[in-house]
Amino acid sequence: MRFAFARVLAVLACCVAPWSAKAADQAILTFSFDDSLLSQYRLGFPVLKSRSIPATACVLASPEMSDTPGPRALETKWSLMAWSQVKELLAAGWEVCAHSVTHPNLTQVSERQLFAEIVRPKSIIQQKVGVAPTVFASPGGAFNERTLDVIRALYRAQLGVWWPGLEIAGFNGMKSLDPYRVTRLGVTRDEPTPERVCKYIDEAIARGVWYVLEFHNILEHPNQAQDDENAVSVSALETIAQCAVAARDAGRLRILTAGEALDAIAPHHGAPTR
Ligand SMILES: [Zn+2]
């Protein structure tokens, strides 16, 4: 009992001290990319790199991901990044996040598959890029208490995804943050428009929240997206990046990876040691 009480005191001491007015008040924006799509590396990465924006890449620990890129002639818009390309993202300040192995709806799989989809990415990604992910993004944004129980044991946070139309999507209050229920706005072909996302960023700044965006395929030309409603064009990403950078450079916004944002908001929420 005395041991338990001492632990409570230690936890209180650790968690109260790091808060500062600035950390609590200044909005944070995070760009995240799901599904390890090659277009994110080829077309999204340069847009963000030229503006010194780091992002979180939620990759599949999939056997389909090769160690080095395949021939360009065989690329399709659904091609996955190679692990060497994920390493390049990391070298540029990106964070790697886990997004399962085979991308099932985790709320509908067997216990055995649930464990495999959540546990295996940790060691596979560590082995492939030298860094173990500390954040897990649920495939399709589907999670429940059962999936969170497993995720909590291995990761410091869980990112869901909410689709356009839900006004709360992506806004995460910092003072009341549940790191296992982080919401993201999925930016898609038709909505919200990039200009609308810029308005949401302004709203996030006014509210002093952590705002998280999520992207899938990035396409060179908007009209390539006819059969891919989750894709956005390079120019749409550029518009969003540009207004984010304007706010950052004016000292109104921090643009951080999910892990960096968690460090800034709640440093005591470290990754589980298991
Ligand atoms: Zn996904």
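Which residues in helix 3 meet which residues in helix 8? Point 5 takes this up, after a short tour of the chain.

1. Ground rules. This is a predicted model, in which local features need pLDDT of at least 70 and side-chain atom pairs count only at pLDDT 80 or more, while totals for chains, interfaces and linings use all residues. Residues are numbered from 1 along each chain as its sequence is written.

2. The whole chain. The protein chain has nine helices and 11 strands. Helices (H or I, at least four residues) and strands (E, at least two) are DSSP runs, numbered from the N terminus. Of the 274 residues in the protein chain, 41% are buried. Here a residue is buried if 20 or more other C-beta atoms lie within 10 Å of its own, exposed if 12 or fewer, and partly exposed in between, with C-beta atoms placed from the backbone. Among contacts in the protein chain with a separation of 6 or more, 68% join residues 24 or more positions apart. Two residues are in contact if their C-beta atoms, placed from the backbone, lie within 7 Å.

3. Two strands pair if DSSP finds at least two bridges between them. To find these pairings on screen, look for I28 opposite R254 in strand 11, F31 opposite L213 in strand 8, and both S32 opposite T56 and D34 opposite C58 in strand 2.

4. Two covered faces. In a regular strand the side chains alternate between the two faces of the sheet. In strand 1, A27, L29, F31 and F33 lie on one side and I28, T30, S32 and D34 on the other, and all are buried. Strand 2 (56–59) has T56 and C58 pointing one way and A57 and V59 the other way, again all buried.

5. Helix 3 against helix 8. Back to the opening question: L43, G44, V47 and L48 in helix 3 meet V234, L237, E238 and A241 in helix 8. By class, this contact has six nonpolar, one polar and one charged residues. Ala, Val, Leu, Ile, Met, Phe, Trp, Tyr, Cys and Pro count as nonpolar, Asp, Glu, Lys and Arg as charged, and the others, Gly among them, as polar. The axes of helix 3 (residues 38–49) and helix 8 come within 10 Å and cross at roughly 25°. That makes helix 3 roughly parallel to helix 8. Axes are lines fitted to C-alpha atoms, for helices over the stretch in contact, and angles run from 0 to 180 degrees between N-to-C directions. Angles under 35 degrees count as roughly parallel, over 145 as roughly antiparallel, 65 to 115 as roughly perpendicular and the rest as oblique.

6. Helix 7 against helix 8. For helix 7 (residues 194–207) and helix 8 (residues 234–249), the axes come within 9 Å and cross at roughly 25°. The two helices are therefore roughly parallel to each other. Helix 7 contributes P194, V197, C198, I201 and I205 to the contact, and helix 8 contributes A236, T239, I240, C243, A244 and A247. By class, this contact has 10 nonpolar, one polar and no charged residues.

7. L253 is found in strand 11 (residues 253–255) and counts as buried because it has 22 C-beta neighbours inside 10 Å. Leaving aside residues up to four places away in sequence, L253 touches A27, L29, I205, A244, A247 and R248. L253 and I205 are 48 residues apart along the chain, yet their C-alpha atoms are separated by 6.6 Å.

8. Loop residues to check. Most residues other than glycine have a negative phi, and most peptide bonds are trans. S52, in the loop between helix 3 and strand 2, has a positive phi of about 55° although it is not a glycine. S52 counts as exposed, with 12 C-beta neighbours inside 10 Å. H103 also has a positive phi, of about 65°, although it is not a glycine. H103 is found in the loop between strand 3 (95–98) and helix 5 (111–129), and its 14 C-beta neighbours inside 10 Å make it partly exposed.
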